[in-house]
Amino acid sequence: MISKVQKFTDSTYFTNAIKVTIASVTPVLIFTYLGHFQMGFTMALGAFFTYPSDIPSNLKHKINGILVTALIISGVSLLINISYPYPYIFYPLLIVLIFSLSMISVYGQRATMASFSALLALSLAFAHIQTGWAIVTYTGLLFSGGIFYLLISLLFHYVRPHRYVELQLAQCIELTSKYLKLRGDLWKLKSDRKEITKKQLNLQVELNVIHENIREVLVRNRANTGSSNQNRKMLMTFIALVEIMELAISNSFDHNKLHQKFDAHPAILSNYKNLAYNLAKTLKQLGRALENSKPYQAQHDLLNDLYKFELAILEYEAQTGNEASTEDVFMLTTMLHYAEKQVEKIKILERTFTSKSVISDFKDKDRDLEKFITPQYYPLETLIENFSFSSTVFRHSLRLTITLLVGFIIGKILPFQNTYWIILTIVVIMRQGYGLTRQRTYHRIFGTFLGGIIAFGLLSFIHQPQVIGGLAVVAMIMGFSFTPTNYKIGATFITIYVIFVYGILTPNIEDVIQYRVLDTLVGALLSFLANSFIWPSWEFLNVPVYLEKSILANRNYLKEISLFYNKKGEVPSSYRLARKHAFVEIGNLMASFQRMVQEPKSKQNQLPQVYKLTVLNHTLLSSAASLGTYIQSHKTTEASEAFNAVVNRVIQNLDYSIVILTHNEETTVMQLPNEDISKRFTELKNIRANELKNRSEINEEEFQLKMQEAHLIIEQLIWLNNLSENIVKSTQLLMTIKKEAL
């Protein structure tokens, strides 16, 4: 229990909650002491509005992002207050503001959070409309609150400059450990392989996000401020984690075949499963050491585990004798080589944690790292391209604009006490996707009711303003801590905080609770209806886009593998970039599938087909990565014409799938080359047979290496071709179902 509390209080979310609480409470306390509570409260609002834009990034982007957000929220409040007395100006301006602020989300996460902050400021501007010189004072204090939050955020940054990255790396290690544990689960007898695969895909979605966050902070900071020994160690850790994950994905075995071959030899399965589990446990211990800032001590002898598995392979050969096929031995040898590489990567991590310097290990690993982070620029063309109903952001912006106007008009016509709370609820709940909006609607309503009951119960017994104020601060910290991870609990604490504040300011607290619940219900209902009926963004309409990007990324990655196999030499940056994009896009595709699962059953008519295509693309990526990893880590022979012909056929299949997704009406006239691909596999197998005939010309070690290369490449090419053909068939079926549904 104590360790869980410690982990919670040391988390990034809790730290962010402390930052915004200090930035909000301090001005209130200071100005209240000076007799100007309203000024302090306005500054607190400025800090509160600015806080969402403080997302993970390097220091330069953090400062620029917070400054721009502070300017936007003060500018929005200024325009609302100036135009409010003039309806003919106010309503057109309100429409333009809401739509424009929503549309800037096309520029990525930072712009999305700045948009959210500005819409919050717009909503609460209606709480107290200012007039005359008070407008300038009010907007100036909002901007000052934003600047004050920036100072608090910078203070936290300089006190513990590396803590955020350490926590992200610790989480990355934990998720990677879970992934390796799931790989071990696949070796259990009668394991649910479909369910394990689904869990692995979900983990990849989470890991993609964390990898991008770490790249953004570590690599950009290195580019801007140079490379300290601490930065090098963290970069070394991150690079090793990415390589461990890529190794795991690139060595996906056909477990159905393996279980058929080795279920009768449990020692093989047991030894490999224990090795996989110990790899995961070692990673988990490394993550805990980093998270708790404690020295790392190894508890598992991975080299001994490797030795046991090698002995199990020798014992298997001895037991089976002449019955042991070459293919079986090569499969086990491939598994052993994979485990050896993983142990090597984990040993690098252990040295990173235990040694004072890692400069020698880091040599040549940081080249071209800047190419692997998303560039930060905001061209006008991006905004113009999204002015179309095919754009999810455009439809959401229109939907949000209409919903906020309806909420504002309802609040004006009907006798609601706080119209701005309806608008605020809509801003907080409404998201681009139906599933997330529905989920947040339920959680918001639940949190409002539960928070109202708890707050009202406490206020029935507690009447001292100082005690209520202290509880409000605690509720604020807890609310901001839980909101990013558990919106239901976060909404509960935020409701408690708001009611406590009103409990200090107003005597009629019962009316406050009553109207807050009513306003929340109206705002939640409007959000739910809008996402259901006003240009809804059903995920099945977006899935073809994510499929296209994933297939294209896999195609480009396979092409880079083929080029590298033909040319040999050093691995180019284009190869590594193609690999990164392939992994990112399969994660995006899985995230799209997850969103689709949250939508109504009537909109999931393609769900099985989407999942099948997701798994096929993931498997194809694994197979391609397996081929690429082998080529990188072994001295290979010259690529044959048959190899290139098969790879080209796979690429053609993937290109054909893309055509199906993008131009469905043209697919009936497009034909693939009528080449008997089986002849190419026969050629490749003949190469293998010739190696057997010429065995006497080379030594045993060289012979084994060539046999391993021939076996692995032939198996992977057959598998890649089958997968690409299945992707074509599944894509055709998907688009046929979609066309019928429309």
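Predicted model: local features only at pLDDT ≥ 70, side-chain atom pairs only at ≥ 80, totals over all residues.
K62 has its place in helix α4, which covers residues 59–83.

The side chain of K62 makes a polar contact with the side chain of D54, at 2.8 Å. When residues up to four places away in sequence are left out of the count, K62 touches D54 together with K19, S57, R110 and S153.

## Nonpolar cores

In soluble globular proteins, nonpolar side chains tend to be buried together. Here the largest nonpolar core holds 111 residues, and the members that touch the most other members are L169, L180, I268, L283, F309, Y557 and L720. For L720, the residues touched are L558, L620, S623, A624, L627 and V650, again without counting residues up to four places away in sequence.

## A nonpolar patch on the surface

On the surface, a nonpolar patch is formed by F446, L450, I454, L458, V467 and L471, which together have about 430 Å² of accessible area. Helices α19 (434–461) and α20 (465–482) each supply at least two residues of this patch, and α19 gives the most, with 4 residues.

One of the patch residues, F446, lies in helix α19. The relative accessibility of F446 is 41%, so F446 counts as partly exposed.

Definitions and conventions: Residues numbered from 1 in each chain as written. Heavy atoms only, no water. Patch = residues over 30% accessible without salt bridge, like charges linked within 9 Å, V, L, I, M, F, W, Y side chains within 5 Å. Areas by Shrake-Rupley, 256 points an atom, 1.4 Å probe, with all protein chains shown as cover. Salt bridge = Lys/Arg side-chain N within 4 Å of Asp/Glu carboxyl O. Buried < 20%, exposed > 50% of the residue type's maximum accessible area, 1.4 Å probe, protein only. Core = buried A, V, L, I, M, F, W, Y, C linked by side-chain atoms within 4.5 Å. Contact = heavy atoms within 4.5 Å. Polar contact = N/O pair within 3.5 Å; in protein donor to acceptor, adjacent residues only side chain to side chain.
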